[in-house]
Amino acid sequence: AVAATFPGEQAAFLYAEAEAQSVWAWDPQVVPGLLQTADYARAVMLCWHEMFDAPPGEADRRVEARLLRQEMLDRDPPLTLAVVIDESVLHRRLGSPAIMRDQLMHIAEASERHNVTVQVIPLAGDQLITTGAFIYMQFPQVHDVPLHDIAIVEHLTGSDYIEDEEDTYRYHKAFSTLISRAL
């Protein structure tokens, strides 16, 4: 229902995410959307809207959609979420100090859920990956037909959906490496 209110590429992402069994998210810049509080999400959206002119209500619609997406963590069976963020994300202030405090508390609380794992790549140490944010989605088997994993790479003008098995395997390996080296 949320996806119907967004243009094609965004709707496709929301539909895919809703069908996923598990989502892995790597982000070196911001807290991934499935763990954002409303105020933090709004601060992220406002940064975007300062750069690019957008209709006034778009930020509110996106924040609302982000919060609705988080309900997948409570569905039956719940979405399994694994997040790796760069330590700099924890220090980068978006919005007021109060917004950041609430966001950090939200991450800590979410990490206590049985279906959510949060890990941090420390600033001190070797940089393992030199790519921007990506999301890796795994899907359940449907009627004896395995569904292929996909990776989504967001960039300034949209997102790339990677479905080729050899290419998605590289994202799988990259995330597995991040997990093995993160705190």
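1. Asp39 and Arg42 sit three residues apart in helix 2 (residues 38–51), about one turn of the helix. Helices here are DSSP runs of H or I with at least four residues, strands are E runs of at least two, and both are numbered from the N terminus. The two side chains form a salt bridge, with the closest N and O atoms 3.5 Å apart. By salt bridge I mean a side-chain nitrogen of Lys or Arg within 4 Å of a carboxyl oxygen of Asp or Glu. Asp39 is partly exposed at 41% relative accessible area, and Arg42 is partly exposed at 30%. For the cut-offs, buried is under 20% relative accessible area, exposed is over 50%, and partly exposed is in between (1.4 Å probe, protein chains only).

2. A quick word on what you're looking at. This is a predicted model, where local features need pLDDT of at least 70 and side-chain atom pairs count only at pLDDT 80 or more, while totals for chains, interfaces and linings use all residues. Residues are numbered from 1 along each chain as its sequence is written, and side-chain values use heavy atoms, with hydrogens and water left out.

3. How many salt bridges does a search of the whole structure find? The search finds three. One of them pairs Glu166 with Arg170, closest N and O atoms 3.5 Å apart. Both residues lie in helix 6 (residues 165–181), four residues apart, about one turn of the helix. An α-helix has 3.6 residues a turn, so residues three or four places apart point the same way. Glu166 is exposed at 52%, and so is Arg170, at 54%.

4. Asp74 and Arg113 also meet in a salt bridge, 2.2 Å from N to O. Asp74 is in the loop between helix 3 and strand 2 and Arg113 in the loop between helix 5 and strand 3, so this pair ties together parts 39 residues apart in sequence. Asp74 is exposed at 56%, whereas Arg113 is partly exposed at 29%. The backbone oxygen of Leu73 also lies 3.0 Å from a polar atom of the Arg113 side chain.

5. Have a look at Pro77 too, in the loop between helix 3 and strand 2 (80–86). The peptide bond leading from Asp76 to Pro77 is cis, with omega near -5°.

6. Last, helix 3. Its buried residues are Glu58, Ala59, Val63, Ala65, Arg66 and Arg69. They cover an arc of only 160° around the axis, which puts them on the same side of helix 3; the arc is taken from the directions from the helix axis to the C-beta atoms.

Technical notes
Polar contact = N/O pair within 3.5 Å; in protein donor to acceptor, adjacent residues only side chain to side chain.
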